[in-house]
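The sequence and structure are shown first.

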Amino acid sequence: MYFLLIEDDSDTARYICNGLEENGHTVAWCSNGADGLTRATSEPWDLIILDRMLPQKADGLSIIKFLRNNGKMTPILILSALGSLDERVHGLRGGGDDYLAKPFAFPELLARCDALLRRGGMRDDAQELSIADLKLDLRRRCAIRASQPIALQPREFRLLEYLVRHQGQVVTRTMLLEAVWDYHFDPQTNVIDVQISRLRNKIDKNFSPALLHTVRGVGYLIGIHG
Amino acid sequence: MDRFWKSAAFRLSLICGGLVVVSVILLSTAFYFGTVGVLMRGANDKIITAADRLAQSAKSGGAAQVATRIEQLLNDGVDSDTEIYLLADVEGKPVAGNIAMLDDAGSLDRVIDRNVVRNGRPSIGRMLLHRLPDGSLLVVGRDMSDLNEINALIWRAIGIGALLALVLSVVGTVFFRSRIERKIWAIRYAALDIEEAGNLKRRIPVSGESDEFARLSKDLNRMLDRIEHLMTGVRHVSNTIAHNLRTPLGRIRSHLEEALRGQTGDEKLVAAGRFAIIEIDDLITLLDKLLQIAEAELGTRRQIFEPIRLGDLVTNIFELYDAAAEATGVTLNKQIDGNPTIRGDKELLASALANLLDNALKYTGRPALIGVFATQQADRVTLLVHDDGPGIPAPERSNVLQRFYRLDHSQPGYGIGLSIVAAIIHLHEGTLQLEDATPGLIVRMVFPSVESIT
C-alpha cells in the first residue's frame, strides 16, 4: 500500500516510515505542509498520515479541508500532540478519518491504518457477516456458531460485529472502546480484556478452531489462523 | 496641561462644569428676554400708538390741534418723567414739546435711539419721527435712562453669575479630579505592588463608605483572593507533578543504566527496554488524565453541553464494566427513578462514572456490591455511587479529592481518579460529597436539573 506521511519531526517520521515499511508498505515522507499538499493532490495514495501542527504555521486541518473540497477522499489519519477531547472532535469534524494522539505505540498506529485501509472494501449494508462457522445475522442481531445459537447481550453483539468486520486485522483496546462504546477515555481497569474473555467463552469455549486471539501487547484479532 | 487632559476624571468634571456654565447662560438669556426684552417692546409699542394717535389728530385738526394735544399730554401727570414729545414747524422751530430741537431729522417713521436734551438735561431717548402733512415734524418718544439702568444692572448680575459658575466649575473640576484620582491611586498602588513586587497577599484598602469605589475595591479584592488561591493551587500541582514524575523517571533510568552496565546480555537489555516502555506508557496515561482535569477546569466543554439522561449513561457504562464485575464476583446494581436528566458532556460524565467504578472495583473487598442510584427532585438531580467496601475514614474524605493523594499505597495508581471526578462534577455545576455507607463509601453527586437551568 502507498502511504503519504506529512510530519515535520524527523525522528517521529523515521520511526513511522521504518515501521510501516517493515510491514510491507511503501511510504513517502514530506516534512512540510506545502510539499505535503502538492504530493497529496498530485499522486494517488491509499492512506495519508498527517501531523496537525506543521512548520510555517501550516495547520494539518487546512490541508484536509483542501483535499476534501477537491474531491480527494483518501483516508486520512491525523497525528497530533493535541490530545484533548476537543481537539480530537475538531480533527474528526475537519474531515480526518481517525485521530491518534502523540505519543503513541506503533502497533496502535498500524492497527488503525489497517482499519482505515480495509474500510473502503467493507460493505456497510451487508445483512450477514461470517467467519469460519460463526455467522452474525445483522438484522436480527443474533449469532450462530456451528448451527448453535449463541446468547449475546446487545453490546457483546456489537463487539463481536466489530471484530468480525475487521477479521484478520489486529484491533487495539482503544479502538474497541471507541468503536463499540464510543468512549475516548482510558479506563484504569482492564475492562476491555475482561469483555473479550467473556466473549471468547461464549464463541470459542465449546467450539474448534478458536477464532478470537490475543495479540500480545497490542490487542485482539479474530481469524481462522491466529 | 497634557497630564490634565489625559485624566478621565478631569475631563468628566470639566464637561460637568461646562454644562453648568452653559445652563447659567441659557437661564440668564431667558431671564433677560423675559424682563428687559418685555419692557423694551412695551416702550416701543407705546411710542408707536401715541405717534399714530397724534398723526390722526393732525389729519382732523392740523398741526395746531397736535400742539394742543401735546400740551395736554405733557401736563396730565401720566408718565411725565419719561415721556418725550416735540412738534416743530417747517422751519424747524419748536412749537410744542419738552425736548430741544434735534440737529437733524434722521430717519422717519421708525423707532430709533438717539441723544436728546430733555427739560434741559441730556439723556438718551427712544423715539419715532414723523412728518405731518403740512411739513412740520412730530417726535414721540420715551426717555430710556431708567430702562438702560435696569438693563445694565441685569447684565452685571448675569456677568457676575456666569463668572461665579465658571470659577466654581474650575474649582470643582480640580477638586473632583484630585478626589477621584486619590481613590484610583489606592487601587493602582495595590495593583503595582502586586505586579512589581509579586506581593499576592496585598489587598486594596476599602474605605468605610459604600460608594462605587468601595464596591469596586471589594470586587477586586475578591478577585485577588481567587487568583491567590489558584496560584497556590498551581504551585502545589506543579510541585506534586514534578515530584510524582521523578519517582517513575528514576525507576526507568536505573533499570536502563543497570542493563547497560558491564557485560549484561541482550536479554537484560530487552527486558529493560520493555520495562521502560511500560513505565513511560503509565506516565503518558497520567499526563492524559491531568490534561483531562485541566480540560474540565477550563470549562470550554460547557459550550457543547446537551441534555444527558442519566439512565442511559449508567446503562452504557454498566455495559462496559459488567464483564469485569462478573469476573471478580462483584454485583452491579442500578436503580433509576423516573428520567433524571442533566445538562452535560456525555464523554466526561461517563469518564467520571468509570473512575468511580474503577475505584470501587479496585478497593472493595470481594464478593461485593456496587450500586448506582439516580433520582430527580424538584430542581436537583442526585446521582449516588455506593459500595460495601472499607469506605474512606471521615478525616481523609477531603484529602482524597486532591491530586496525587493516595490512601492505599499498596495499590498501583497515581491518586488522581477522584480529582478527575471532582473536576468533572464541578464543571457540571454539581457538588460531590463522600459519605459513609456503613460499611462502604457513598459518593453523592448533586446536579441542577435541566429544567432548573433552562
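## A buried aspartate in chain A

Asp51(A) counts as buried because its relative accessibility is 4%, where buried means under 20% relative accessible area, exposed over 50% and partly exposed in between (1.4 Å probe, protein chains only). The model is predicted: local features need pLDDT of at least 70, side-chain atom pairs count only at pLDDT 80 or more, and totals for chains, interfaces and linings use all residues. Residues are numbered from 1 along each chain as its sequence is written, chains are lettered from A and ligands numbered from 1 in the order in which they are written, and side-chain values use heavy atoms, with hydrogens and water left out.

Asp51(A) sits in strand β3 (residues 47–51) of chain A; helices (H or I, at least four residues) and strands (E, at least two) are DSSP runs, numbered from the N terminus. Its side chain makes a polar contact of 3.4 Å with the side chain of Lys102(A). A polar contact is a pair of N or O atoms within 3.5 Å; within protein, one must be able to donate a hydrogen and the other to accept it, and residues adjacent in sequence count only if both atoms are side-chain atoms. With neighbours within four places in sequence left aside, Asp51(A) is in contact (heavy atoms within 4.5 Å) with Ile6(A), Glu7(A), Asp8(A), Gly60(A), Leu79(A), Ser80(A) and Lys102(A).

## The two chains

Chain A contains 8 helices and 12 strands, and 49% of its 226 residues are buried. Its accessible surface is about 10,800 Å², with 50% supplied by carbon and sulfur atoms; accessible areas come from the Shrake-Rupley method with a 1.4 Å probe, and for residues only the protein chains shown count as cover. Of the contacts in chain A between residues at least 6 apart in sequence, 57% join residues at least 24 apart.

Chain B has 9 helices and 12 strands. Buried residues are 39% of its 454 residues, and its accessible surface is about 25,600 Å², 59% of it on carbon and sulfur atoms.

## A buried leucine in chain B

Leu418(B) belongs to helix α8 (residues 417–427) of chain B. Its relative accessibility is 10%, so Leu418(B) counts as buried. Beyond its neighbours within four places in sequence, Leu418(B) touches Leu356(B), Asn359(B), Val400(B) and Leu401(B). Asn355(B) is 63 residues from Leu418(B) in sequence, and their C-alpha atoms are 7.2 Å apart.

## Where the chains meet

The contact involves 29 residues of chain B and 21 residues of chain A. Together the chains bury about 2,300 Å², 52% of it on carbon and sulfur atoms; buried area is the accessible area (1.4 Å probe) that two parts lose on being put together, summed over both. Glu319(B), Leu320(B) and Glu347(B) provide 27% of the area that chain B buries against chain A, more than any other three residues.

Four kinds of detail follow for this interface. The rule finds 4 salt bridges across it, a salt bridge being a side-chain nitrogen of Lys or Arg within 4 Å of a carboxyl oxygen of Asp or Glu. Glu319(B) forms a salt bridge with Arg155(A), with the closest N and O atoms 2.6 Å apart. On the side of chain B that touches chain A, the elements giving two or more residues are α5 (266–298), α6 (310–327) and α7 (346–363) of chain B; α6(B) gives the largest share, 11 residues.
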